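Begin by looking over the model and its sequence. The paragraphs below go along the chain and then turn to the ligand.

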Amino acid sequence: MAVERTLAIIKPDAVENGHAGAILQRIEAAGFAVRAMKLIRLTKAEAEGFYAVHRGKPFFEELTTFMSSGPCIPLVLEKENAVAAWRELIGATNPANAAEGTIRKDYAESVGRNAVHGSDSVENGRLEANYFFAEHEIVANQA
Ligand code: CMP
């Protein structure tokens, strides 16, 4: 299996509720290497840019208002098969459908306030990582 990178976000609900540390612990326990991380409050326009693919959908306004409502923590995560592994760890978008033991099952409040984000492909992970981080902010393995 190939080593991949994916873009994760600990969303404003999880930061506000004090779950960022617990989510980071799960990330490390699952064997992901954190290659980049920052705390940032998106403007509405930045949230709209990040989620541009969803523009026009009924939840776009709610989503971008929520994502700009408080600080969030984007991270670049790396491990073998990282895109699928992170999506498995976070669980279904709607926490009502999320499996036991997943991050969304334990920390998400609703489909809108769902604690974390994960890229859906390696290519989108690269594009999304570049949305938040300059090249020099993504730290390569020093080994
Ligand atoms: P995320 O993985 O960040 O990608 C797009 C987000 O849109 C998704 O998580 C949800 O938080 C949000 N979303 C999807 N469907 C709905 C919906 N029906 N109502 C509100 N938000 C939604």
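Helices (DSSP runs of H or I, at least four residues) and strands (runs of E, at least two residues) are numbered from the N terminus. The model is predicted, so local features need pLDDT of at least 70 and side-chain atom pairs count only at pLDDT 80 or more, while totals for chains, interfaces and linings use all residues. Residues are numbered from 1 along each chain as its sequence is written, and side-chain values use heavy atoms, without hydrogens and water.

Start with Asn17, in the loop that joins α1 (12-16) to α2 (20-29). Is Asn17 buried, exposed or partly exposed? Its relative accessible area is 34%, so Asn17 is partly exposed; buried means under 20%, exposed over 50%, and partly exposed in between, with a 1.4 Å probe and protein chains only. The C-alpha atom of Asn17 is 18 Å from that of Leu63, a residue 46 positions away in the sequence.

Next comes helix α3, residues 44-50, which contains Gly49. Glu46 belongs to helix α3 too. Gly49 has a relative accessible area of 33%, so it is partly exposed. For Glu46 the relative accessible area is 33%, and Glu46 therefore counts as partly exposed. For Gly49 and Ala20, which are 29 residues apart in sequence, the C-alpha atoms are separated by 24 Å.

Asn81 is not a glycine, yet its phi is positive, at about 60°. Asn81 sits in the loop between strand β3 (73-80) and helix α5 (82-90). With 28% relative accessibility, Asn81 is partly exposed. Ala115 is not a glycine either, and its phi is positive as well, at about 75°. The loop holding Ala115 runs between helix α6 (103-107) and strand β4 (116-118). Is Ala115 buried or exposed? Its relative accessibility is 0%, so Ala115 is buried.

Now turn to the ligand. Which residues surround the ligand? They are Lys11, Tyr51, His54, Phe59, Glu62, Leu63, Thr93, Arg104, Val111, Gly112, Asn114 and His117, each with a heavy atom within 4 Å of the molecule.

A polar backbone atom of Val111 lies 2.8 Å from an oxygen atom of the ligand. In the side chain of Arg104, an N or O atom is 3.3 Å from a ligand oxygen. Asn114 likewise has a polar side-chain atom 3.3 Å from an oxygen atom of the ligand. On its own the ligand has 460 Å² of accessible area, and the protein covers 79% of it; such areas come from the Shrake-Rupley method with a 1.4 Å probe.

Definitions and conventions
A polar contact is a pair of N or O atoms within 3.5 Å; within protein, one must be able to donate a hydrogen and the other to accept it, and residues adjacent in sequence count only if both atoms are side-chain atoms.
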